[in-house]
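I opened a new page for this model. Below is what I looked up, entry by entry.

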Amino acid sequence: MNLRGRVFRFGDDIDTDAIIPARYLNTSDPQELKKHCMEDADPAFFSKVSKGDIIVAGKNFGCGSSREHAPIAIKASGVSCVIASSFARIFFRNSFNMGLPIFESDEASAEIKENDIVEVDASTGLITDITTGRQYQARPIPRFMQELIADGGLMEHILKRGGI
Amino acid sequence: MGMTIAEKILAAHTDAREVKPGDIVKVNVDVALANDITAPLAIEAFLKGGQAKPADPDRIVFVLDHFTPNKDIASANQCKMVRDFAHQHGLKNFFDGGEVGVEHALLPEKGLVLPGDLVIGADSHTCTYGALGAFATGVGSTDLAAAMMTAQAWMKVPESMKFVFKGELRPWVGGKDLILYLIGDIGVDGGLYRVLEIEGPAVTSLDLSNRLTMSNMAIEAGGKAGIIRADEKTEDYVRSRAKRPYTVYESDPDARYASVREYDCANIEPQVAFPHLPENTRPISEVGEVRIDQVVIGSCTNGRIEDLRVAAGILKGQKVDKGVRCVVLPATPEVFLKAEEEGLIRIFLQAGAIIGPPSCGPCLGGHLGILAKGEKALATTNRNFVGRMGDPGSEVYLSGPAVAAASAVTGRISSPSEVME
């Protein structure tokens with residue numbers, strides 16, 4: 001599966017309160033949450049983002065709370081995947097469980113620019129910056145987590161296999 | 001090969017005799033926790049799974065503590081959904097109404113988490129229970145739904161980092177200052193994917209409340225858990241509360257650590273974290289002139305009776321500055337009752353503080369003390385991200401209860417020694 005879109009860049013340590021502020025957590029409806037996606041990092045984000053677009057960030061993306069509303073809001077906003085040099089661990093886990101593709105690459109995180117058009121081969125983790133022609137290989141994903149993705153998320157994995 | 005406490009607890013909850021960092025293991029879960037924000041998503045996922053009943057209802061704990069007492073209609077609806085599910089499945093560990101306390105203060109107090117336990121919680125500060133010698137970590141709602149279905153979770157065995165605090169604590173320094181100092185040293189991702197194992201004579205000298213404060217903020221360094229070995233003080237704390245057996249684990253002398261750091265407490269002053277990351281710490285002597293509009297004393301980090309005693313000791317006979325709103329939120333009903341019995345509530349009210357109900361409230365910008373644009377708060381809470389306590393144009397500074405109480409009196413971030421002379 002290829003993911004393709006325009007890049008929105010963010011810095012280091014983007015926390016879950018920036019991704020979806022707690023003041024909107026009185027609902028878990030993706031259609032409501034998406035309107036406030038990235039609001040405290042870029043108030044205009046939702047008005048600019050289009051289906052397929054890609055977030056590229058620095059280190060420790062998604063630090064802070066355990067709220068699954070964060071990957072839900074990003075996914076519902078139309079973003080096809082997130083590329084960062086590292087992810088905070090609960091956000092990392094939640095993304096796999098929710099089916100939001102995420103990729104770790106120091107080089108891609110450092111070099112890809114705002115508004116570049118980027119394509120990612122979700123099955124191999126090969127990241128291509130169409131604008132510059134450069135390619136990057138995302139860090140490999142552990143086998144168990146590949147299984148989760150193949151099964152369509154943690155719940156689907158349990159239902160299919162009768163347990164974790 | 002020797003194992004760390006974390007590795008031993010993980011191994012004890014699998015079929016394996018040994019685990020090593022990097023292994024992905026299936027673990028049995030002793031406690032699975034969620035709150036009024038994360039439980040609704042977990043329940044939705046559980047219901048979608050189609051299983052009639054949770055695998056073990058007694059292991060599930062739901063606490064309606066974040067946006068309660070219900071702050072608006074949407075929050076009320078979320079609570080109602082959790083309440084209906086809890087009643088339908090006869091969950092005995094469901095905390096609602098006057099039984100609500102801030103979850104990570106409440107569970108240790110009720111003896112629901114014990115040394116050697118494996119705890120997952122759909123709340124990032126679940127790592128608090130590491131202070132009891134448990135392996136406790138935050139997860140998302142889907143992981144929690146999976147634990148409701150199977151009483152299990154999957155874990156990647158993390159590497160451990162050791163932090164040793166030596167020397168004697170300086171005046172007005174508590175667990176909050178030590179953990180802020182540590183986070184200031186390694187940064188908000190310095191412990192990413194790893195266990196922070198915290199020890200040393202200075203940690204041993206702390207009471208359980210101050211240790212819980214330290215483990216609570218392991219996540220603020222990216223940590224998967226923040227573990228403190230259980231000792232006599234821990235056993236004294238849990239013995240009267242535990243309703244089931246527990247196991248105390250120690251790291252082997254030849255256990256492997258990704259790194260070992262030592263700190264001399266002689267160098268650690270009361271700490272303040274500046275906006276907008278907990279790693280932006282400064283010793284109180286280097287804070288400078290920072291005027292504040294609000295002080296918050298409470299939360300899972302510093303809302304226990306020991307914290308309120310420290311704050312009341314400073315506020316006794318003093319007045320909260322005219323320009324400051326000082327909000328005190330005892331973390332649990334038991335803490336509130338003790339504070340009343342000990343006369344602390346009277347001290348707070350006479351000083352001009354506002355007493356609120358046990359709730360996470362303003363910590364995450366829910367209610368009970370939201371900031372306007374341009375306002376600054378000093379809070380004993382755990383996060384100071386942009387917009388955390390209200391308007392994205394507001395600022396949050398973090399400290400322990402002593403600095404918070406002193407600053408409420410002066411109206412600017414101040415050392416307790418300034419007020420207590």
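Axes here are lines fitted to C-alpha atoms, for helices over the stretch in contact, and angles run from 0 to 180 degrees between N-to-C directions. Helices (H or I, at least four residues) and strands (E, at least two) are DSSP runs, numbered from the N terminus.

**Entry 1: ground rules**

I note that this is a predicted model: local features need pLDDT of at least 70, side-chain atom pairs count only at pLDDT 80 or more, and totals for chains, interfaces and linings use all residues. Residues are numbered from 1 along each chain as its sequence is written, and chains are lettered from A and ligands numbered from 1 in the order in which they are written.

**Entry 2: a helix pair in chain A**

I began with helix α4 (residues 69-76) and helix α5 (residues 89-98) of chain A. They pack at an angle of about 55°, with their axes 9 Å apart. That makes α4(A) oblique to α5(A). The scale I use: under 35 degrees is roughly parallel, over 145 roughly antiparallel, 65 to 115 roughly perpendicular, and the rest oblique. The crossing of α4(A) and α5(A) is right-handed. A crossing is right-handed if the near helix is turned clockwise from the far one by less than a right angle, and left-handed if anticlockwise.

Which residues make the contact of α4(A) with α5(A)? From α4(A) I list A:Ala70, A:Pro71, A:Ile72 and A:Lys75. From α5(A) I list A:Phe91, A:Asn94, A:Ser95 and A:Met98. Contact means that C-beta atoms, placed from the backbone, lie within 7 Å. By class, the residues of this contact are five nonpolar, two polar and one charged. Nonpolar covers Ala, Val, Leu, Ile, Met, Phe, Trp, Tyr, Cys and Pro; charged covers Asp, Glu, Lys and Arg; the others, Gly among them, are polar.

Chain A has eight helices and seven strands. Its C-alpha trace spans about 45 × 35 × 25 Å along the principal axes. For 164 residues, a compact globule would have a radius of gyration near 15 Å; chain A has 15 Å, which agrees. The radius is taken over C-alpha atoms, and the globule rule is 2.2 Å times the number of residues to the power 0.38.

Chain B comes to 15 helices and 18 strands. Its C-alpha atoms fill a box of roughly 60 × 50 × 40 Å, taken along the principal axes. With 421 residues, a compact globule would be near 22 Å in radius of gyration; chain B has 20 Å, which agrees.

**Entry 3: where the chains meet**

I counted the interface next. 46 residues of chain B are in contact with 36 residues of chain A. Which element of chain B gives the most to the side that touches chain A? α5(B) does, with seven residues. By class, that side of chain B has 22 nonpolar, 15 polar and nine charged residues.

I then followed α5(B) across. Helix α8 (residues 154-161) of chain A and α5(B) pack at about 25°, axes 9 Å apart. α8(A) and α5(B) are therefore roughly parallel. α8(A) brings A:Leu154, A:Met155 and A:Ile158 to the contact. α5(B) brings B:Thr142, B:Asp143, B:Ala145, B:Ala146, B:Met149 and B:Thr150. I sort the residues of this contact into six nonpolar, two polar and one charged.

**Entry 4: an oblique pair in chain B**

Helix α11 (residues 305-315) and helix α13 (residues 344-351) of chain B have axes that come within 9 Å and cross at roughly 45°. That makes α11(B) oblique to α13(B). Their crossing is left-handed. I find B:Leu308, B:Arg309, B:Ala312 and B:Leu315 on the α11(B) side.

**Entry 5: strands of chain B**

An open sheet of four strands in chain B has the order β10-β9-β8-β11, with parallel pairing. Two strands pair if DSSP finds at least two bridges between them. β9 (residues 195-199) and β10 of chain B pair over three bridges. There B:Val195 stands opposite B:Ala225.

I also traced β15 (residues 325-328) of chain B. It pairs with β14 (residues 294-297) of chain B in the parallel sense over four bridges. Two bridges join β15(B) to β16 (residues 354-355) of chain B, also parallel. B:Val328 is the bridge partner of B:Ile297, and B:Val328 stands opposite B:Ile355 in β16(B).

Notes. Contact = placed C-beta atoms within 7 Å.
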